[in-house]
Amino acid sequence: MPRIEMYMGYGCPYCASAKHLLASKGVSWEEINIHDLPDRRDEMIRRSGRMTIPQIFIDGVHVGGSDDLQALDTAGRLDPMLGLGKKGPHREHHKVVILGSGAAGLTAAIYAARADLAPLVIEGGQPGGQLTITTDVENYPGFPDGVQGPEMMDLFRKQAARFGTTFLAGEITRVDFSRRPLTVILGEGELITADAVIVASGASAKLLGIESEKRLMGHGVSACATCDGFFFRGQEVFIVGGGDTAMEEALFLTKFATKVTVVHRRDTLRASRIMQERAFASEKIVFLWDSAVEEILGTPDGGVTGVRIRNVKTGEVTEHATQGVFIAIGHQPNTTIFKGVLDMDEVGYLRVRPGTTHTNVEGVFACGDAMDARYRQAVTAAGSGCMSAIDAERWLAEHHA
Ligand SMILES: Cc1cc2nc3c(=O)[nH]c(=O)nc-3n(C[C@H](O)[C@H](O)[C@H](O)COP(=O)(O)OP(=O)(O)OC[C@H]3O[C@@H](n4cnc5c(N)ncnc54)[C@H](O)[C@@H]3O)c2cc1C
């Protein structure tokens, strides 16, 4: 068995994802909590050259973070590194397969499991979904004092498991819905077949798409304040965006940073009134209006040193010193693998028959943020997850008796 070292910390959803993936492989690993051990944090930065957690080493070889681990698994390269054998091409058949383990997928699983359909949930690269990268959830009914996002998703998962849901780590890379049974392809080629499929693949953080953002990701650029805010204690940071996510992350960053500058393309925020009021009330948050990040300055070795910002109205370009840049500009539905198969709008949101979760393919249902461009909330995702399980159950009863 190889030696696996994971540098991790408290409240880090990506660490939880990485651990979950390793646990699903049946391997054990050594955890080094850098929040408790500052010397080991310095060691992690020295060994990996990165300032994000987790950082994983297998037999002394730097693998990277949770996304890198997931990418290795998707490419079929992780199992050999872990000394595990290759699986056969057809793994198993299920009545209902649910793609995604966020609020929508897990609610669909609770309903399908209680209907005796023994669903399989394929968890994807972000087990628990987007709520695992947030802190307080204050608007989900039933939690009068609020609840931490990761804790809430843990409760959803336990409830789904209690009624007989099984879970599989990994990501679906292709689908074949042109014949029966429906086929989804896990990672590099394992086939899973199903009578009905529920797509609950949610949405992912959008990035700016500039070269320096990619180059410096993990070296001072981050798309998750909850994970990486800790590294910027006592420093001044920038955050890009003007919606609820940006305001929530800006407020979270004030716990660590001495100053948080919000860079926003317009002169008003898109965030809800309550989030705007909270952000405006913070003495640590300042705003750069009508502005866009043109380039993030720095090197992977030395980290981020500054940002170059263009005023979109005047064209004036200014440079600002900073060690951290957080990107919080919204989300893209995770539906690329369904292009040409399932009907979707121009952004990629899946289309369903109005008032139902039926897609254009018989036996395939869609729920949650993957099909909802308008509400995109945990409670609406859970609601449509429930609808999709009921739709699937009725469809199965009609077609498979
Ligand atoms: C920072 C932040 C804070 C938020 N705060 C709140 C809040 O306070 N209240 C609220 O109501 N909402 C909040 N939201 C919105 C809420 O998180 C989403 O509406 C909700 O998570 C949507 O659930 P979902 O299940 O549709 O998708 P997601 O949560 O996005 O889950 C998608 C799932 O699909 C999986 N997946 C993706 N692609 C594949 C694939 N190819 N194969 C298999 N699986 C795949 C992923 O791994 C993931 O498990 C917040 C969102 C963010 C980002």
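Helices here are DSSP runs of H or I with at least four residues, strands are runs of E with at least two, and both are numbered from the N terminus. Keep in mind that this is a predicted model, where local features need pLDDT of at least 70, side-chain atom pairs count only at pLDDT 80 or more, and totals for chains, interfaces and linings use all residues. Residues are numbered from 1 along each chain as its sequence is written.

- Most residues other than glycine have a negative phi, and most peptide bonds are trans.
- A cis peptide bond also runs from Ile53 to Pro54, with omega near 0°; Pro54 is in the loop between α2 (38–48) and β3.
- Asp116 has a positive phi, near 65°, despite being a residue other than glycine. You'll find Asp116 in the loop between α5 and β6 (120–122).

**Around β12**

- Strand β11 pairs with β12 in the antiparallel sense over five bridges, where two strands count as paired if DSSP finds at least two bridges between them.
- Ile185 has Leu191 as its bridge partner in β12.
- The hairpin of β11 and β12 has three residues between the strands, and Gly187 takes a positive phi near 55° there.
- β12 (residues 190–199) also runs parallel to β5 (residues 90–99), joined by eight bridges, with Ile98 opposite Ile198.
- Another parallel neighbour of β12 is β23 (residues 364–366), joined by three bridges; here Val197 stands opposite Val364.

**The four-stranded sheet**

- This open sheet runs in the order β2-β1-β3-β4, and its pairing is mixed.
- At the edges are β2 (30–33) and β4 (61–64), each pairing on one side only.
- From one strand to the next, the twist averages 25°.
- β3 (residues 55–58) and β4 are antiparallel, paired over three bridges, and Ile58 faces Val61 across that pair.
- Helix α3 (residues 66–74) lies across β3 and β4, at about 95° to β4. Angles like this run from 0 to 180 degrees between N-to-C directions, and axes are lines fitted to C-alpha atoms, for helices over the stretch in contact.

**The three-stranded sheet**

- Here the order is β18-β19-β20, again an open sheet, with antiparallel pairing.
- The edge strands, β18 (291–299) and β20 (317–321), each pair on one side only.
- The twist in this sheet averages 25° from one strand to the next.
- β19 (residues 303–311) is joined to β20 by five antiparallel bridges, and Gly306 has Ala321 in β20 as its bridge partner.

**Helix packing**

- α5 packs on α6 (residues 149–162) at about 25°, with the axes 8 Å apart.
- The two helices, α5 and α6, are therefore roughly parallel to each other; that label covers angles under 35 degrees, while over 145 is roughly antiparallel, 65 to 115 roughly perpendicular and the rest oblique.
- Their crossing is left-handed, meaning that the near helix is turned anticlockwise from the far one by less than a right angle, with clockwise counting as right-handed.
- On the α5 side, Ala103, Leu106, Thr107, Ala109, Ile110 and Ala113 meet Phe156, Arg157, Gln159 and Ala160 of α6; contact is scored when C-beta atoms, placed from the backbone, lie within 7 Å.
- By class, that α5 and α6 contact has seven nonpolar, two polar and one charged residues. Nonpolar covers Ala, Val, Leu, Ile, Met, Phe, Trp, Tyr, Cys and Pro, charged covers Asp, Glu, Lys and Arg, and the others, Gly among them, are polar.
- α9 and α10 (residues 273–281) pack at about 35°, with axes 9 Å apart, and this crossing is left-handed.
- Asp244, Met247, Glu248, Ala250 and Leu251 of α9 meet Met275, Gln276, Arg278 and Ala279 of α10. The tally for this contact is five nonpolar, one polar and three charged residues.

**The ligand shell**

- There are 39 residues around the ligand, and Gly102, Gly124, Gly129, Gly202 and Gly368 come nearest. A residue is near if its C-beta atom, placed from the backbone, lies within 6 Å of the molecule.
- α5 (103–114), α9 (244–253) and α11 (378–400) each supply at least two residues of this shell.
- By class, the shell has 17 nonpolar, 17 polar and five charged residues.

How values were computed:
Two residues are in contact if their C-beta atoms, placed from the backbone, lie within 7 Å.
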